Amino acid sequence: MKKWLWNSAAVGLAMTMLLTGCGGAKKTSGNSGGGSDSDGIKVGILFSLSGATAVTEKGMANAALLAIEEINANGGVKGKKLIPVQEDLASQPSVAATKAKKLLQQDKVVAIVGGYTSASRQAMLPIVEQNKGVLVYPTLYEGEECSKNIIYTGATPNQQLQDFVPWMIENYGKKFFFIGSDYVYPAETNKQVKALLKKFGGEVVGEEYVPIGHSEFASVINKIKSAQPNVIFSDLVGDSVAAFYKQYKSYGLDPAKMPIASPITAETDLAAMGAEVGEGHITSYGYFQSLDTPENKKFVEAYHTKYGQNEPITSVIEAAYFSTHLLAKALEKTDDIRNAEKLIKAFAGLEFQAPQGKIKIDEHNNHAYLYSRIAKIGKDGQFHVVKESKEPIAPEPWAKILFPDKEKTCHLH
Amino acid sequence: MQQIADGASVAGILVIVALGLSIIFGVMKVINMAHGELIMIGAYTTYVVYTLNDLPFYVGMLAAFVVAAIVGFLMETLVIKRLYGRPLETLLATWGISIILQQVIRMIFGPDGKTVISPLADKLEIGQIVIPHFRLFIILFAIGLLIATTFILFKTKFGTQFRTVAQNREMSECLGINTSRIDTYTFAFGAGLAGVAGAVLAPLKTVSPTMGLSYLVDAFMTVVLGGVGSLAGTALGSGVIGETSQLLTTISGETGAKILVFLLIILVIRFKPEGLFRMERR
């Protein structure tokens, strides 16, 4: 009997630790229930604070909270403070759906800023549409989607690729080797890269997809060596990224002749591989932590003061930050913050001086005009911009190069 | 030839990853779902010692062994000791521990990956074949680790008692061997080996809270294929998996090779349920 008690106590302790371990990082502010706006305006912040993609999403949540702090310090919206209601979607799409429902129905938030993986966005989409809510989704994604209830502030593939691919061909050569994680984003992105290669006279000399989390690349590197490409185009994600770059270096390949070009390798990956390994490789994004704009300097300093000097800031973190500011501007502009239709309309054509430069929301398709920048990794472990677009590039949810007739598909307003 | 050399280095990695699990799983019949997290803790220890404090790499390896062994010791005395003979509960408890360890590391170091730079940056070139020095080191280290473990198990008093308990627990108890203490030491030793695996893998892979998961699968595959509770089996199992997967990837790509290797293992287990190396039962 006594032994049985001991055993259950041990299991109980383990379970408790497990639960608090996962919940410990969660901070939910604001009381649940009640939809009164007399004391402030509730905004949902919904990212993964635990699980596989917490790596990036924690920073996005932090950036959104920082933006709310700044907005409140400037007097809030319509004289009211924004109240963040934060939830953890735990890297699971099903949890994202439940939490989105909770935020909209129970907490009665005016809008949600959140989502990172496409799977989480797709899980939230029907919930947001049914509940007549607003979701601001700040992550680059594969496109081919439009919702009248979602504002997409991350890059569509054309914004990262249409300058990037020709620039790589011009500077390194026309033979491309694809390496990617085996899921929807790399497949969709590579379709566009291939279309661009065709247009600009490039060619594909090899293509490999590995399971997510895969970290043994000896055989892929052998194939690359025998294919002799000019550019390795990588859309690997997660733990695979640093492993691949490290093993590329250990086999003695030279980034000056055959760099890894990627639309998704970011500052966080660079921290995981080290500057020595990353040096010479190339990435395309609208934003880099090293950008030399007054808005970015202010943003990086505020972020580092609040969350620590060594926290890497990536393009999705910047997007979460300016998305929250954009939401505040839209709330300020609309005459009825509780009306999703009017709030979405208020977003159309809205401009904001973001850390990456002046961006704006397209009048018709709820996506954002963003900058395109190509950057090389330097000795200092930072990205150095080598080419940038003069002005923000128009978003193409259905890329023109793949779907020339689909221009009107996303004509929402 | 290049594929065979790469296969050898993959096999080396598998030996190092699976050795600790083989000892814990084979002798104590404990399915340790937290094995990957012990590897992860070894990798983080190396990060702290080698990258942050700038001490030599072998100090990091040693520290990784000690820290992981301590974590293993605590796991055994606090939780697993109370659950022997109840495989399902052990499975759940160690799985819970793996989640706790992941989250603790995430709270201390943050969720993003850390850098451990390879201590041996050079490479060996024989004609067309390229072998990075660090991969060569892994192959040699795996062989060394196998020899050292064999020595410990067959030439020391702990090893004799360990093998006695493995063969017949009740009889050893009758003979006055403190089996519960042997269990604790064995678990700590196996955990320590996992820690060393983490140290050796850190410069090659990504050091992150989630890194352990893929190694857990690899380690179980190796141990089951080779034969539970047999060191020679672990060595053979990792050799077979390492070489076949590298040779298959040249024909079928990474995902295809993984599927084929899984099929191969299922076939072997179907016809030789005890694995390639059968341990003698007396």
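**Note on the chain interface, domains and voids**

1. The contact between the chains takes 46 residues from chain A and 43 from chain B, contact meaning heavy atoms within 4.5 Å. The model is predicted: local features need pLDDT of at least 70, side-chain atom pairs count only at pLDDT 80 or more, and totals for chains, interfaces and linings use all residues. Residues are numbered from 1 along each chain as its sequence is written, chains are lettered from A and ligands numbered from 1 in the order in which they are written, and side-chain values use heavy atoms, with hydrogens and water left out.

2. Between chain B and chain A about 3500 Å² is buried, and carbon and sulfur atoms give 54% of this area. Buried area is the accessible area (1.4 Å probe) that two parts lose on being put together, summed over both. On the chain B side, B:Arg82, B:Thr206 and B:Glu254 lose the most area to chain A, together 17% of what that side buries.

3. Two salt bridges are counted between chain B and chain A; a salt bridge is a side-chain nitrogen of Lys or Arg within 4 Å of a carboxyl oxygen of Asp or Glu. A:Glu216 forms a salt bridge with B:Lys205, with 3.7 Å between the closest N and O atoms.

4. Chain A is assigned domain 1 (8-155 + 293-371) and domain 2 (158-285 + 374-408), the bounds coming from an automatic or database domain assignment. The C-alpha centres of these two domains of chain A lie 28 Å apart. In chain A, 21 residues of domain 1 are in contact with 22 residues of domain 2.

5. The two domains of chain A bury about 1900 Å² between them, 65% of it given by carbon and sulfur atoms. In domain 1 of chain A, A:Glu142, A:Glu144 and A:Tyr371 lose the most area to domain 2, together 35% of what that side buries. The count of salt bridges between domain 1 and domain 2 of chain A is zero.

6. The second largest pocket holds about 580 Å³ of space. On a 1 Å grid over the protein atoms alone, a pocket is an open set of points with protein on both sides within 12 Å along at least five of seven lines, a cavity is a set where a 1.4 Å probe fits but cannot get out, and lining residues have an atom within 4 Å of a point. Grid points are joined across faces, edges and corners, and a volume is the space filled by probe spheres set on the points.

7. The second largest pocket is lined by 26 residues, and A:Ala271, A:Asn310, A:Pro312, B:Asp112 and B:Lys114 are the closest to its centre. Because domain 1 and domain 2 of chain A both give residues to this lining, the second largest pocket lies between them. The largest share of the lining, three residues, comes from α10(A), helices (H or I, at least four residues) being DSSP runs numbered from the N terminus.

8. By this rule there is one cavity of 30 Å³ or more. The largest cavity has a volume of about 120 Å³. Its lining has 18 residues, of which A:Ala155, A:Gly286, A:Ser315, A:Gln356 and A:Leu370 are the closest to the centre. Helix α13 (residues 315-333) of chain A gives the most to this lining, with five residues.

Note on methods. Helix = DSSP H or I, 4+ residues; strand = E, 2+ residues; numbered from the N terminus.
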